[in-house]
Amino acid sequence: MLRFILPSRIVLLIALLFSGFAQAVPSDAKVAGFAGADYWQVVKEAEEGRTQVQAREAGQLINVKGEEWRHWRNQWVTPAGAYAIGGTLAVLAIFYLIVGQKKLDHPRSGQLIERWKRLDRANHWTVAILFIILAISGLSILYGKFFLRAAMGDSLWASYIMLCKLAHNYLGPIFVIGLLFMIVRWIKHNFFNRTDLIWFLKGGGIIGKAHPSAGYMNGGEKVWFWLLTIVGIVVCGSGLVLDFQNFGQVRETMQIANLLHAAGSLILIVGSFGHIYIGTVGTEGALEGMKTGYVDETWAKQHHDLWYEEVKGKQDS
């Protein structure tokens with residue numbers, strides 16, 4: 001009998017202690033609520049509270065802009081990116097089936113001209129490989145949960161998405177360095193001029209039989225360069241804000257950076273499809289220059305005749 005009486009007395013004692021504590025709580029604590037309507041109203045309005053933690057926003061329990069960020073990311077950026085990627089791939093596939101590869105108008109001459117220095121090619125392929133890895137990992141983070149998780153299973157998916165996150169976080173800053181070096185090195189070739197306007201009016205050779213004149217870079221290549229420069233800097237800057245979170249960024253700053261990073265990255269990925277298409281299956285001989293550094297004279301005359309004449313003029317002098 002004693003073994004049952006003692007626990008019951010202990011329970012009673014604990015209950016009395018808690019009831020005494022409840023009565024001792026001052027009335028202003030009830031205003032704070034701890035769980036009441038007034039308390040949650042203050043939380044929803046994102047008012048700052050008192051805390052011993054010194055970090056920025058430490059006294060703000062809820063970030064009210066979070067729902068707005070989620071809306072923009074899920075209702076606009078994510079679906080728009082999916083439509084843009086799918087639509088671009090479909091258009092390129094249809095274009096290839098209808099038009100096919102742009103062939104050389106005349107047989108190859110067998111005479112080669114240096115187009116890209118070894119440093120340029122190393123820089124290009126470094127940036128290109130990093131871009132592909134970052135694109136795949138980024139798209140997996142953004143869209144993978146919709147189809148890859150079910151296909152892989154939770155265990156494999158968890159390992160894969162963690163690998164994507166690590167690759168994205170650690171390779172991103174290296175991509176920034178490579179891109180900035182490329183911009184500085186190639187910017188002198190990419191200022192627009194009257195020749196580019198004529199190139200655009202002729203559709204880069206698609207409209208009409210004669211191929212439009214072009215210098216070292218044609219109008220399309222310059223568009224890709226400036227897209228990569230302007231949007232690329234936005235993507236790199238926002239990515240660094242997200243990557244290095246120890247510089248005191250508030251949550252709203254991180255949310256804006258996330259939206260800019262996602263939208264800008266999707267624009268670059270869509271633009272890269274056209275660049276890759278034209279530089280590989282779309283144009284005969286285009287890939288050779290970036291692979292070996294040299295192009296055939298026939299290709300140079302057809303696609304970059306002004307540059308070809310400049311090079312030959314220097315050789316003759």
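Visitor: What pattern does the protein chain follow, read along the sequence?

Guide: Going along the sequence, you get α-α-α-α-β-α-α-α-α-α-α-β-α-α. That comes to 12 helices and 2 strands. Helices (H or I, at least four residues) and strands (E, at least two) are DSSP runs, numbered from the N terminus. Bear in mind that this is a predicted model: local features need pLDDT of at least 70, side-chain atom pairs count only at pLDDT 80 or more, and totals for chains, interfaces and linings use all residues. Residues are numbered from 1 along each chain as its sequence is written, and side-chain values use heavy atoms, with hydrogens and water left out.

Visitor: How do I read two packed helices?

Guide: You describe them by the angle between their axes and the distance between the axes. Here, the axes of helix 5 (residues 118-152) and helix 9 (residues 251-279) come within 11 Å and cross at roughly 130°. Axes are lines fitted to C-alpha atoms, for helices over the stretch in contact, and angles run from 0 to 180 degrees between N-to-C directions. That angle makes helix 5 oblique to helix 9; under 35 degrees counts as roughly parallel, over 145 as roughly antiparallel, 65 to 115 as roughly perpendicular and the rest as oblique.

Visitor: Which residues of helix 5 and helix 9 make the contact?

Guide: Helix 5 brings H124, F131, A135, L139, L142 and Y143, and helix 9 brings L266, L268, I269, S272 and H275. Contact means heavy atoms within 4.5 Å. By class, there are 8 nonpolar, 3 polar and no charged residues. For these classes, Ala, Val, Leu, Ile, Met, Phe, Trp, Tyr, Cys and Pro count as nonpolar, Asp, Glu, Lys and Arg as charged, and the others, Gly among them, as polar.

Visitor: And at what angle do helix 7 and helix 8 pack?

Guide: About 105°, with the axes of helix 7 (residues 194-201) and helix 8 (residues 219-243) 9 Å apart. So helix 7 is roughly perpendicular to helix 8. D196, W199 and F200 of helix 7 meet G219, G220, K222 and V223 of helix 8, giving 3 nonpolar, 2 polar and 2 charged residues.

Visitor: Back to helix 9: what does G274 count as?

Guide: G274, which sits in helix 9, counts as partly exposed because its relative accessibility is 22%. Buried means under 20% relative accessible area, exposed over 50%, partly exposed in between (1.4 Å probe, protein chains only). Across the 317 residues of the protein chain, buried ones make up 33%. Also, G274 and T88 are 8.2 Å apart in space, C-alpha to C-alpha, and 186 residues apart in sequence.
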